[in-house]
Amino acid sequence: MNSFGKRAQGERLERMRASPLWNGTGFRNIHPITPGLRDPTVPRPTLKEFLSSGGRRTPDGPLPALDPRERWSRPVQSGLRATWLGHSTVLIEIDGHRVLTDPVWGTRASPFRLLGPRRFQPVPLRLRQMPEVDVVVISHDHYDHLDYPTIRALARHSAVPFVTSLGVGAHLQAWGVAAERITELDWWESHRVPGTGLTITAAPSQHFSGRGFKDRNATLWSSMVMGTDRHRVFFSGDTGLTTEYATIRERLGPFDLIMLEVGAFHPAWGDIHLGPANALKAHALLGGGALLPVHWGTFSLAMHEWDEPAETLLRLAPAQGVPLLMPRLGEAVEPAHADAVVMPWWRGLDQGVPPARPVEVPALQRELPWPLD
């Protein structure tokens, strides 16, 4: 079962053990968990419930999607453009550099080919149709963020470097990525991508890790910040709501684009996943900026309806003054030039659901400290 990955050994393991987040047997969340995030009266879903396909956990048909290649061929006017490709996979174009986050082209968020959550929405283009990127950023080792077939393909056909959390490099190396292409970071450590003006910094998140039955928390989980002299982008990876986001704002902000997970939430998981309501609280702690919701619209990983994250955000964000980006899959958007109107493109896909109508949302008001080219 190569998809399970490999445990760290040797110098890699020694570096992990030197981390202040290491508790002797694995990594840990060290910040106190906010009371009330997890409802102890709600039982965790059973395996049968998790694997069930009942209700509206998936859409009736394919979601609208665009081929982004023509748009990618045009210059980025503001210097920052993002293209959501599904779940937590985003191509970020930042001041002439391309960053790909948590690339998942595989058909299942699972170690098995025939069992486990199957994606209900394909990526808008094949992996081989992607442009060359300057770096791949991987937040942690869960199957819906670290995908064996995708990494194998990247290892064979590309020399792209990887930046990830401590310990995850053991999986990458086992799957064919050369050791010199892998950089592993502890929280608050930074890496300047060679030949670019791009710096990747790992920051706190509140989650866990593991790909099998005996490797829980054997690797680190992180949020990631991608920055140049002109722009900064925050990517949450997977996380529960944590006041550490205020520290991230102070040390690494302000942010022009904030990408937060909004899907796969459950009352029993409130300490390890945000969901849409807590994503808005996290956005406030991070100091604002355009919000691009991720971690939805691709896999059914919780009990809620597939479009509930989007509907909740659209209901709550305008009243809180949050500049919301809700692009279709494959639709490249520039936060600085985003419309103050969101088209709920996900509506009307299921029987009995009203068709989409435009919804006004706040525009990005913060003055940018640089000229827009």
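Start by selecting helix H7 (residues 275–285): it lies across strand S11 (257–261) and strand S12, running at about 150 degrees to S11. Helices (H or I, at least four residues) and strands (E, at least two) are DSSP runs, numbered from the N terminus. The angle is taken between axes, lines fitted to C-alpha atoms (for helices over the stretch in contact), and runs from 0 to 180 degrees between N-to-C directions.

Before you click on, two notes. This is a predicted model, where local features need pLDDT of at least 70 and side-chain atom pairs count only at pLDDT 80 or more, while totals for chains, interfaces and linings use all residues. Residues are numbered from 1 along each chain as its sequence is written, and side-chain values use heavy atoms, with hydrogens and water left out.

**Stop 1: around H7**

Stay on H7 and pick out its buried residues: Gly275, Pro276, Asn278, Ala279, Leu280, Ala282 and His283. Buried means under 20% relative accessible area, exposed over 50%, and partly exposed in between (1.4 Å probe, protein chains only). Now bring up what covers them, which includes helix H6 (244–252), S11, S12 and helix H8 (308–316).

Zoom in on Asn278, one of the residues of H7. Is Asn278 buried or exposed? With a relative accessible area of 14%, Asn278 counts as buried. Leaving aside residues up to four places away in sequence, Asn278 touches Leu37 and Leu241; contact here means heavy atoms within 4.5 Å. Then step just past the helix to Gly287, which takes a positive phi of about 95 degrees.

**Stop 2: the open sheet**

Next, select the strands S7 to S12. They make an open sheet of 6 strands in the order S7-S8-S9-S10-S11-S12, and the pairing is mixed. At the edges you'll find strand S7 (190–192) and strand S12 (290–294), each pairing on one side only. On average, neighbouring strands of this sheet are turned by 15 degrees against each other, direction ignored.

For a closer look, show strand S8 (residues 199–203) with strand S9 (residues 223–227): they run antiparallel and are joined by 5 bridges. Two strands count as paired if DSSP finds at least two bridges between them. Click Ile200 and look across to S9, where its bridge partner is Met226.

**Stop 3: strand S1 and its partners**

Move to strand S1 (residues 80–86). Here 7 of the 7 residues are buried, so S1 is largely enclosed by the rest of the structure. S1 runs antiparallel to strand S2 (residues 89–94), with 6 bridges between them. The hairpin of S1 and S2 has 2 residues between the strands, and His87 takes a positive phi near 50 degrees there.

S1 also pairs with strand S13 (residues 332–333), in the antiparallel sense over 2 bridges. Which residues does Thr83 face? In S2, Thr83 stands opposite Leu91, and in S13 its bridge partner is Ala332.

**Stop 4**

Select Glu14 in helix H1 (residues 10–17). Glu14 has a relative accessible area of 48%, so it is partly exposed.

Finish at Phe112, in the loop between strand S3 (97–101) and strand S4 (135–138). Phe112 counts as partly exposed because its relative accessibility is 37%.
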